[in-house]
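Here is a walk through one protein chain, from its overall make-up down to single side chains. Keep the sequence and the model side by side as you read.

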Amino acid sequence: MEDERPARGPKIVQVKNKMPAPIQITAEQLLREAKEKQLEYVAPPPKQKISDPEELAEYRMKKRKEFEDAIRKNRQKMVNWVKYAHWEESQQEVQRARSIWERALDVDYRNIALWLKYAEMEMRYKQINHARNIWDRAIAILPRANQLWYKYSYMEEMLANIAGCRQIFERWMEWQPDEQAWNTYIKFELRYNELERARMIYERFVVTHPEPKNWIRYAKFEEQNSYIKSARRIYERAIEFFGEEHLNERLLLEFAKFEEHQKEHERCRMVYKYALEHLPKSSCDDIFKAYTIHEKKYGDRTGIEDVITSKRKFQYEAELKENSMDYDTWFDYLRLLESEGDLVVIREAYEKAIAQIPPIQEKRYWRRYIYLWINYALFEELEAEDIERTREVYKACINLIPHKKFTFAKIWLYYAHFEIRQKELASVRKILGAAIGMCPKDKLFRGYIDLEIQLREFDYCRKLYEKFLEFGPDNCTTWIKFAELESILGDVERARSIYELAVEQSRLDMPELLWKAFIDFEIEQQEYDRARRLYSKLLKKTQHVKVWLSMAQFEASIDESDSIDRTRDVFEQAYKTLRTANDKEERLMLVEHWLNFEKEKGTKENIARVEKMFPTRRKQRRKILTEDGIPSDQWEEYTQLVFPDDEAVQPHKKLLDMAKRWKKGQDDVSAPANELTTPTPTPTTTQVEDDVPLPEAHVDDDEMNDES
């Protein structure tokens, strides 16, 4: 028999609706509703009045059952035990409360709060022996709980049981508690003027806790009670106890202050010096400050200076220990030692300093180092007055410098001046000659030449200048100085020959200075024709406007009858020459100086003629060039100077004039029509004025020249 039941399809799972609820509740709304419910008034429970013993017994039974149930649920929750015991105590059931405390201690005997509350209950009901029993049990079980010891000793002291309190402290000290416990014991003995007992406790205290502050507290205790010798002995014992390896800065400071209070200033100085000698440098800051203050109060000027000097010396030595290549610190350190005047110490310090040779042979690393040698040599010469040692210092320095890579002209010159002071001229020339032959430099040549000039050895000066010019023929300053020397000596022809040789050089570093000096030299000699020839020769090399202005100024300054005409000719020639140049700013500068000259010495006609030469400024447009030099689609405005007699812009000017005339004619025709009607304004397509930008085709000067 076949099963006629229809086949079941797959089970359809109902999809949960995840659309948002129609009514949304925010967290803010939930908090607000909760706050409102808290603010609602809840009536207090009614007060129950108990009127007979049976009702009281029933109430007590009910409360005890509640407490017992709470304890049964969680025996480890000490709050329930404490509430239960306090409730029994409020019912004057002390025995029951005591039983509850004992049951709680069976559960957690390490809970210090239970012991404290249990003992406080016994003390409230003046059960002293019970309280002592509890305290004894507590400190036997928890000897490291300091609060139990404090409470126990306080109770005995309040009961005036001083012996019992002392016995408790002694039991406590056997456990070697922290410092506060010892201080409490000492204060207890001091409250009852037991100084000897307090001293004995201090002796045990510094053995148990041998920190410097405890030794200091012990010494101050003796000092406060006027046991000065004992206090000093304690400080000495402390220093001996710690030894030199573990010395403490604060301990020595307090020892020095103690001696200062006792007016033992020599002892105080010895303590400070001992501290400075044995403490590390990093820990001596406070020692130095205190030592300085002490010397300012009780010492003389020498003592104060010694303190300051020693402090700075320690600082410099610490810095040099960290970085021995710090040459600035070496300078300060050596200067400090020189102020003390100990030659042996200063020489040793200089030897240590010059031993710090820069590791890299580059001049920038040697610039500060070389001054150590210079200062060393000056010290030996001026302070120590040891001439031979000074000479050895200079020689050692010169041998040390790698002259093939770089040199220092100053060390050679210092060495030469030293030999001059010793009147050794032959040695001076050997030294500077070797310097020039080994490592020629401009500064060496100049120093050597100045030296020979001071010695009035002009032949040597000429030879040196010749060598100098062979070394650097492009140095214009050397040529000028050489010519000035010959001029001073009165040899004008020789000076002129030097200038002529100089201007013929193909390469010069500052030719403008050389030409100016040559021209000034000829003017000074009143050789005006030679000066004019020099200007003409210079103008063949350059057409700079400043040369023309200088020439015009020269012609104007000459006291001759035709000087004005010559000056005007110079301006005209310069103007014609600069017309072909592209720099119109130079032409403008020339015209301005020309106008100033005409206003000063010319006539009105000349002034008017020059004023007509002034250009006009016109705004024009041009395409902006990209970084590759290709014109872009953007335009920019620029100002162009247009001179009246500029041939390149004549067509441009004619076009502008025609546009102005046409515009004026249009205005004359439209004037009668404006009187009858007022037409709507129409924008003009072209406005021709001097300051209107022109199209690009009218801006390009090259195109204008082609069209012209």
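The protein chain has 35 helices and two strands. Both are DSSP runs numbered from the N terminus: helices are H or I with at least four residues, strands are E with at least two. This is a predicted model, in which local features need pLDDT of at least 70 and side-chain atom pairs count only at pLDDT 80 or more, while totals for chains, interfaces and linings use all residues. Residues are numbered from 1 along each chain as its sequence is written, and side-chain values use heavy atoms, with hydrogens and water left out.

Start with the totals. The chain has 708 residues, and 37% of them count as buried. Buried means under 20% relative accessible area, exposed means over 50%, and partly exposed lies in between (1.4 Å probe, protein chains only). The accessible surface comes to about 45500 Å². Carbon and sulfur atoms hold 50% of that surface. The areas come from the Shrake-Rupley method with a 1.4 Å probe; for residues, only the protein chains shown count as cover. Now take the contacts with a separation of 6 or more: 47% of them join residues 24 or more positions apart. Contact here means heavy atoms within 4.5 Å.

Turn to the rings. The structure holds 29 aromatic pairs. Rings of Phe, Tyr and Trp (its six-membered ring) pair if their centres lie within 6.5 Å; planes under 30 degrees apart count as stacked, over 60 as edge-to-face, and the rest as tilted. Phe 188 and Tyr 192 form an edge-to-face pair, at 5.4 Å centre to centre and 65° between the planes. Phe 188 has 0% relative accessibility, so it counts as buried. Tyr 192 is partly exposed, at 33%. Tyr 235 and Phe 258 form a tilted pair, with 5.5 Å between centres and 40° between planes. Tyr 235 lies in helix α12 (residues 228-242) and Phe 258 in helix α13 (residues 249-261), so this pair ties together parts that are 23 residues apart in sequence. Both Tyr 235 and Phe 258 are buried.

Ring pairs also build a cluster. Its members are Trp 149, Tyr 150, Phe 169, Trp 172, Tyr 185, Phe 188 and Tyr 192. What does Thr 184 touch, not counting residues up to four places away in sequence? Thr 184 touches Tyr 150 and Phe 169. Thr 184 is found in helix α9 (residues 179-191). At 18% relative accessibility, Thr 184 counts as buried. Its side chain reaches the backbone oxygen of Gln 180 at 2.7 Å.

Arg 199 lies over the face of Tyr 227, at 4.6 Å from the ring centre. Lys 363 lies over the face of Phe 408, at 5.1 Å from the ring centre.

Move on to helix α22 (residues 409-421), where Glu 419 is found. Is Glu 419 buried or exposed? Glu 419 is buried, with a relative accessible area of 2%. Its side chain makes a polar contact with the side chain of Arg 391 (2.9 Å). A polar contact is a pair of N or O atoms within 3.5 Å; within protein, one must be able to donate a hydrogen and the other to accept it, and residues adjacent in sequence count only if both atoms are side-chain atoms. Leaving out residues up to four places away in sequence, Glu 419 touches Arg 391, Glu 424, Ser 427, Val 428 and Ile 431.

Key:
A charge sits over a ring if NZ of Lys or CZ of Arg is within 6 Å of the ring centre and within 35 degrees of the ring normal.
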